[in-house]
Amino acid sequence: MLSLKDFVKDYKDKFKEIYKRDPKFFESNLIAKTDTADYSLEAHTKNALKELKKFITENNEIFKMFSTKHDVKEQTLYDILFFSVFFHDIGKGTLEFYEDKLLRKRKSYHPLYSIYFTQGLSIPRIDDVDYVTLSVLTHHTLLHKDIYGTEKFQQIRAPNFFKETFKFAEKYDEYYRDFFGFEFPYKLKFELPSKNPYNILREDFSWGFSGKGIIDALNAILSRSDKSSKKKIKEIYGFVTGNLIRGDWLSSGLNNPNFPKMTKGDLLKKLKWRARKKGISFQGLKKFQKVASKKQGNVIIKIPTGEGKTEAALLWALNNIKNKHTKVIYTMPTQVTSNSMYKRFKDYFGNDYVGILHGASSIILAEEYGDDEEKLWREKILNKTFSKPITVSTLDSFILSFFNINKWPLAQLNLENSLLIVDEIHSYDFKMIGVLRRILLELNTKGCNFALMSATFPELLEKHLLKGINYSKITQKDLFEPAPVKLEIGADGISDKINQIIDFYQKRKKVLVVTNTIEKSKEIYNNLKKTNEFKTNNHPDKHSNLILYHSQFVKKDRKLKESEIEEKDGWKDRGLVLVATQVVEISLDINFDVMFTELAPIDALVQRIGRINRRKDEIQGNVFISTDIEAVSDSGRWSYPYRMEIIEFSEKILEPGSPSLGELSAYVNRLYKSLLNTDQILFEFQNKFEDGFKKYDKIIERGPYTIRFKTENLEEISKLLQLRDTDESFETIDVIPKKFIEEEDSPERFENTVGIYKWLFFKLLKEGEIHKNNFYILDGFDYNYEIGLKALKKDDWQFL
């Protein structure tokens, strides 16, 4: 058997070079890392167990609930957790690990070596599943079908353990006694197999259900399990592995802050500060906010835009927190709204306590921590696993944590003690509503509460979403009485409104122009620009007063546009015109005086109207709705972002005048009642809702296996899993305009990507206008900050 002392003597100069200390220390201390001299394997394991014990003690209610839910004895669960942590890094006590980390001779796989100690031991199992071995094996690379299954692993020999490694393993009873306060009832014998690692996992290279390897055994159990049993295996594996990953990371120095000590009074002070900063007179909490601050359990908050739903939800959260390990997940429909809320919450709770997660959140984090690569890496890890006390996320990114994506076991562990807030619930399509219902039911089984928020979520959809779930409705009738805008409905097109738009601008009004297509937004913008009434610029400029905003700006420019618009939203007595598409409905928290908009579904129009006279001043805002829309193609086919029936019903329901906010909400309910009374739409709703609801069943069928994708972009993964009901003609693929390559801007930079329609992507790919180089590079199009993408060939203009 190998002697650690002999190895250290043979390579004492290497130990001196790396650790800068007397090599004698390492003759009796197995290494855990190469970046610190004092942190031995034993010290690392002790600290990881300390973190686990502390977590169990402080979060005991969650562990008890998990045991009860899965009909597992508490002590059995604790034993599995203990031994997973105790053995997780014992594979570092091998010649292979030392030759890798010190001598750089070969690559080692310490989790794979660690299972030589765990397989076959008299350690508790649950329903024959060896969770200790599975968790130890996969605490770095999560379990997937091909784990350690490539040809090269067939050639790797069995590891050579130092005799000091066995001495450490035999201390399990001492560690167990220190951890629990009593003896482990069984005596463990360490008789390590001589097989190579590949055959430990897959006996005789078997991929079926008849082999005796670890993966073979798991597959055999899954093959005879029903859906509920597979779900149990997935959740127990996730819980055990999540606890192991958490303990390992914390023991390795990753800081994971607990929920900040904040009372309702503390939050109230923050609210007063923010109101003062925005020039708003703070009159104290509104009735519905006071109700929310005292409410326990699930709630839906139905309150008009701009009245403080977000603050009500935070007050509700403070009243529902179980302990300092509770995580608050605040979801938004878009990346833009998530970014804005992230900034706001950092003001409330402090930078260290708030995380952000969506398809482009890495851009935000890179801006904050770009000069500190180690800090950036740690922040990304914490954010992806909902490890921060408060995480602002898109709903898609949150849901993906249930779908075995990335480090899902740790994310799921954090969600065992969480509160979910879903803002702008009305923004989601029928399929996503179905997906969300399933996730709400899953949270219910965990004892986790949720708060849903909207001004206009239709009552019919509310009944489908929350059927059978206990919840309270929070509203305030008098807040729906104001009539902040005057509606005028005209049969003309929005292109005919140029003179009126200029007239309001000259009266020093802030004017919002909303079109339903990018092409139309560019047309209106260019027509306004040609009048020479405005100052424009091809970069962020504090004096420009005509701005174009749509979805075909690269991600970094969209962020700059958002900041520019939000800054100019504060202008007083100065004219401003913002031309935008429907991205403005839920992406910007702005307060304009006048709006010109194309006809759209009533719920979308209500969101647009919510950007006008947001503070409900006595002087009404003006809203002009143009019903002449270019929705039919030259061939006579309906070609528009919204289906024809919704547009037709909306036009019939809308009435000119000064509707109250309550009447606008009633319009939305009438629209959905009309839609779901239509047989074809009702059939489609039921199918899409059911399809969304059953998405999670497909994940459960995989048991504990992780789903792997070529991309780590959560937005792309959501598209691949089809969580939303996206019309194929409006699906997008990210590309980088060639301009950025020509400017020697790195093509790997995600912030330089922009989405173009999928059908256009394949057309241009066929024509040779798109090239692959890590990202897809788009040729044949110009791009600038002012306009976004612009086709060089006139015939291609319509494609955008």
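A salt bridge is counted here where a side-chain nitrogen of Lys or Arg lies within 4 Å of a carboxyl oxygen of Asp or Glu. The model is predicted, with local features requiring pLDDT of at least 70 and side-chain atom pairs counted only at pLDDT 80 or more, while totals for chains, interfaces and linings use all residues. Residues are numbered from 1 along each chain as its sequence is written, and side-chain values use heavy atoms, with hydrogens and water left out.

**View 1. The interface of domain 1 and domain 2.** The domain assignment, which is automatic or taken from a database, gives domain 1 (44-250), domain 2 (262-475), domain 3 (483-658) and domain 4 (726-789). The centres of domain 1 and domain 2, taken over C-alpha atoms, are separated by 34 Å, and their contact (heavy atoms within 4.5 Å) takes 23 residues from domain 1 and 20 residues from domain 2. Between them the two domains bury about 2,000 Å², of which 63% is on carbon and sulfur atoms; buried area is the accessible area (1.4 Å probe) that two parts lose on being put together, summed over both. The rule finds 2 salt bridges across this interface.

**View 2. The salt bridge of Glu442 with Lys231.** The closest N and O atoms of Glu442 and Lys231 are 3.0 Å apart.

**View 3. Aromatic pairs of Tyr109 with Tyr148 and of Tyr116 with Phe161.** The structure holds 66 aromatic pairs, defined by rings of Phe, Tyr and Trp (its six-membered ring) with centres within 6.5 Å, planes under 30 degrees apart being stacked, over 60 edge-to-face and the rest tilted. The rings of Tyr109 and Tyr148 have centres 6.1 Å apart and planes at 80 degrees, so this pair is edge-to-face. Tyr116 and Phe161 form a tilted pair, 6.4 Å centre to centre with 55 degrees between the planes, and both residues are buried.

**View 4. Arg246 over the face of Phe55.** Arg246 lies 3.8 Å from the ring centre of Phe55, where a charge sits over a ring if NZ of Lys or CZ of Arg is within 6 Å of the ring centre and within 35 degrees of the ring normal.

How values were computed:
Buried < 20%, exposed > 50% of the residue type's maximum accessible area, 1.4 Å probe, protein only.
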